[in-house]
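I have a new notebook page open and a structure to look through. Here is what I am working from.

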Amino acid sequence: MNPTEHPDTSLRGVRLAVDWGKARIGVAASDRDAILAFPVETVRTADSPIRRLAEIVAEYEPVEVIMGLPVALDGTEQVAAHDVRDAGRELAQAISPIPLRWVDERMTTRTAARALHQAGRNARQQRGVIDQAAAVAILEHVLEQVRAARSETMTGGADS
């Protein structure tokens, strides 16, 4: 799938976002109305992450799972993106028929770290929640797209 794919705004319900890292995976969820994104859990990659993520998916029953794709600043996919795609394929199999959609996650971890720092958390305090905060940032980006598309649909598109 293309990392710039637009969300299906006809889907109503919870969305989950996954920020896959080498050591930890952040998970975030939205409310059913695509208004609020909130942290769910940090899953360690050493602890059967696909199984745990499938359990979270079963618990939340999302309409889709959004997985951040670490695209390089120039838009190309490097080794990290290939590793995440491999994990995503395995996750997609485990959660089928719930769709897994890729989104460009450039800068989300940096944005999350900055927000946590501004909230008064130092680097050591961030470790446990930075991945969840990055997943929230990924999901908030998608929710903004969903809200904008719904608003455009409701108003009939461009200004008349």
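Is strand 5 mostly covered or mostly uncovered? I found that strand 5 is mostly covered, with four of its five residues buried. Buried here means under 20% relative accessible area, with exposed over 50% and partly exposed in between, using a 1.4 Å probe and protein chains only. Strands (E, at least two residues) and helices (H or I, at least four residues) are DSSP runs, numbered from the N terminus.

A note on my source: this is a predicted model, where local features need pLDDT of at least 70, side-chain atom pairs count only at pLDDT 80 or more, and totals for chains, interfaces and linings use all residues. Residues are numbered from 1 along each chain as its sequence is written, and side-chain values use heavy atoms, leaving out hydrogens and water.

Five strands form an open sheet in the order 3-2-1-4-5, with mixed pairing; two strands pair if DSSP finds at least two bridges between them. Strand 3 (37-44) and strand 5 stand at the edges with a single partner strand each, so one side of each has no neighbour in the sheet. Strand 4 and strand 5 pair in the parallel sense over five bridges, and Met67 stands opposite Trp102 in strand 5. Strand 1 and strand 4 also run parallel, joined by four bridges. Leu16 has Val65 in strand 4 as its bridge partner.

**The core.** Which residues of the largest nonpolar core touch the most other members? They are Val18, Trp20, Leu53, Met67 and Leu91, out of 24 residues. Such a core is a set of buried Ala, Val, Leu, Ile, Met, Phe, Trp, Tyr and Cys residues joined through side-chain atoms within 4.5 Å. I then followed Leu53: leaving aside neighbours within four places in sequence, Leu53 is in contact (heavy atoms within 4.5 Å) with Val18, Trp20, Ile25, Val27, Val43 and Leu91. A second, separate core has 13 residues, including Leu139 and Leu143.

**Ser30.** My last stop was in strand 2, where Ser30 is found. Ser30 counts as buried because its relative accessibility is 2%. Not counting residues up to four places away in sequence, Ser30 touches residues including Leu36, Phe38, Leu139 and Leu143.
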